[in-house]
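This report examines a protein chain through its computed geometry. Please read it with the sequence and the three-dimensional view at hand.

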Amino acid sequence: MSQFWSPAVRELTPYVPGEQPREKLIKLNTNENPYPPAPGVEAVLREYPVDHLRLYPDPQSLALRQALAREYGVEAEQVFVGNGSDEVLALAFQAFFCHDRPLEMPEITYSFYPVYCKLYGIERRALPLDQQWRVDLDAFTTESGGAIFANPNAPTAHGHPREAIATLLERLTDQVVLVDEAYVDFGGESAVPLIERYPNLLVTGTFSKSRSLAGLRLGYAIGSRELIEGLERVKDSFNSYPIDSLASALGIASLEDREHFDACRERVITTRERTVRRLAELGFEVLPSQANFVLARHSRHDAAQLFVGLRERGILVRHFNTDALRGFLRISIGTDDEMDSLIEVFELLCR
Ligand code: PMP
């Protein structure tokens with residue numbers, strides 16, 4: 001606490017990201033991709049003319065938006081890009097959710113959403129998940145100032161099909177519905193094809209997970225032209241150049257390699273299914289996952305103790321110390337070898 005902080009800063013509760021350890025650990029705690037980015041990314045990085053860095057980047061990031069538009073079959077005017085999807089989300093909260101009416105979100109979802117609510121002074125209404133730990137789409141009301149959820153949800157990993165989102169959008173017409181698709185490429189169904197029908201739908205995505213580029217910080221949003229223009233108004237009142245020219249070039253190279261993208265996500269999915277089976281054999285309850293992580297709990301072993309036991313043996317997973325999630329571990333899907341090591345340690349700890 002400092003006398004120099006504004007009153008609002010004193011009240012903040014910042015998001016705490018998963019640890020980035022300095023020592024060599026098997027890192028299964030922040031849902032990164034265990035495989036390298038597309039080879040074309042490395043080629044662009046090697047050949048990038050350093051003199052380009054002398055100039056400011058394109059404030060519109062048009063080339064990257066066009067590449068994303070091609071990927072999703074939309075127009076560049078329906079695409080917004082930002083410095084990681086966290087930044088895109090922050091701008092979207094300011095652009096669409098600063099209302100008198102509360103923003104509705106699942107009680108258990110990406111823990112950055114409540115942080116943005118606090119930052120912008122947005123009232124939040126938390127909706128319980130259903131009995132199967134799924135986002136309850138029927139719980140969203142027409143009275144809200146907006147709706148947001150991750151699909152697949154984090155850290156519960158369940159994803160709703162596109163038709164279920166369409167049903168929600170038939171009901172919610174007066175507020176923005178933001179669907180965060182950070183994990184959709186690992187078996188979920190994207191809501192992007194619905195943007196033509198629903199001008200209040202905003203879908204966010206990221207290069208951090210399925211494109212193995214978490215360090216590059218590239219995220220995006222896809223929606224109607226009016227929503228994208230709203231985001232641009234906030235962006236251009238905050239930072240005109242969130243995407244540097246190198247990141248733009250590397251992002252485009254990643255989008256150009258569909259084969260690598262498909263191969264990596266399929267490997268992650270195959271390893272996930274194998275891991276789920278082995279965790280179940282060890283007595284874990286594993287929530288069904290369409291993401292690159294699983295949420296699991298053991299009937300006889302305390303999650304906090306398992307977390308410590310894994311860490312002592314060089315494996316880092318995520319444990320959330322909240323009432324609802326204290327019993328669970330969230331485990332990112334690594335390579336087969338990494339998951340074999342995890343299972344070996346669990347065999348020791350869960351005897
Ligand atoms: N949404 C969800 C649901 C996430 O889990 C994350 C990663 N922590 C993000 C968005 C943000 O990802 P990034 O800023 O790396 O694009």
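Glu-189 is located in a loop that runs between strand E6 (177–180) and strand E7 (201–206). Helices (H or I, at least four residues) and strands (E, at least two) are DSSP runs, numbered from the N terminus. The model is a predicted one, in which local features need pLDDT of at least 70 and side-chain atom pairs count only at pLDDT 80 or more, whereas totals for chains, interfaces and linings use all residues. Residues are numbered from 1 along each chain as its sequence is written, and side-chain values use heavy atoms, with hydrogens and water left out.

Glu-189 counts as partly exposed because its relative accessibility is 33%; buried means under 20% relative accessible area, exposed over 50%, and partly exposed in between (1.4 Å probe, protein chains only). Apart from neighbours within four places in sequence, Glu-189 has contacts (heavy atoms within 4.5 Å) with Asn-151, His-160, Pro-161, Arg-162, Glu-181 and Val-184. With Arg-162 there is a further detail: the side chain of Glu-189 reaches the backbone nitrogen of Arg-162 at 3.0 Å. By contrast, the C-alpha atoms of Glu-189 and Ala-296 are separated by 23 Å, and these two residues are 107 residues apart along the chain.

## The chain as a whole

The chain contains eleven helices and twelve strands. Its C-alpha atoms fill a box of roughly 55 × 50 × 50 Å, taken along the principal axes. The radius of gyration is 20 Å, which agrees with a compact globule, because a globule of 351 residues would have a value near 20 Å. This radius is taken over C-alpha atoms, and the globule rule is 2.2 Å times the number of residues to the power 0.38.

Of the 351 residues in the chain, 52% are buried. Among contacts between residues at least 6 apart in sequence, 72% join residues at least 24 apart. The accessible surface (Shrake-Rupley method, 1.4 Å probe; for residues, only the protein chains shown count as cover) comes to about 16700 Å², and carbon and sulfur atoms account for 50% of it.

## Annotations from UniProt

An unreviewed UniProt entry carries the annotation "domain: Aminotransferase class I/classII large" for residues 24–345. UniProt positions are given in the numbering used here, feature names are shortened, and annotations may be inferred rather than shown by experiment. Over residues 24–345 the chain is 37% helix and 15% strand, and the end C-alpha atoms are 17 Å apart.

An unreviewed UniProt entry also gives the annotation "modified residue: N6-(pyridoxal phosphate)lysine" for Lys-209. Is Lys-209 buried or exposed? Lys-209 is buried, because its relative accessible area is 14%. Lys-209 lies in the loop between E7 and strand E8 (219–223). Beyond four places in sequence, its contacts are Thr-30, Asn-31, Asn-33, Ala-182, Tyr-183, Phe-186 and Asn-292. The side chains of Lys-209 and Tyr-183 are joined by a polar contact of 3.4 Å. A polar contact is a pair of N or O atoms within 3.5 Å; within protein, one must be able to donate a hydrogen and the other to accept it, and residues adjacent in sequence count only if both atoms are side-chain atoms.

## Aromatic pairs

Rings of Phe, Tyr and Trp (its six-membered ring) pair if their centres lie within 6.5 Å; planes under 30 degrees apart count as stacked, over 60 as edge-to-face and the rest as tilted. By this rule the count comes to 15 aromatic pairs. The pair of Phe-140 and Phe-149 is tilted, because the planes stand at 45°, with the ring centres 5.6 Å apart. Phe-140 and Phe-149 are both buried.

Tyr-183 and Phe-293 form an edge-to-face aromatic pair, with 4.9 Å from centre to centre and 80° between the planes. This pair links distant parts of the chain, since Tyr-183 is in the loop between E6 and E7 while Phe-293 is in strand E10 (residues 293–298), 110 residues apart. Both Tyr-183 and Phe-293 are buried.

## An aromatic cluster and Phe-112

One aromatic cluster is formed by Tyr-15, Phe-93, Phe-97, Tyr-110, Phe-112, Tyr-113 and Tyr-116. Phe-112 belongs to helix H5 (residues 112–120) and is buried, with a relative accessible area of 14%. Not counting residues up to four places away in sequence, Phe-112 touches Tyr-15 and Asp-86.
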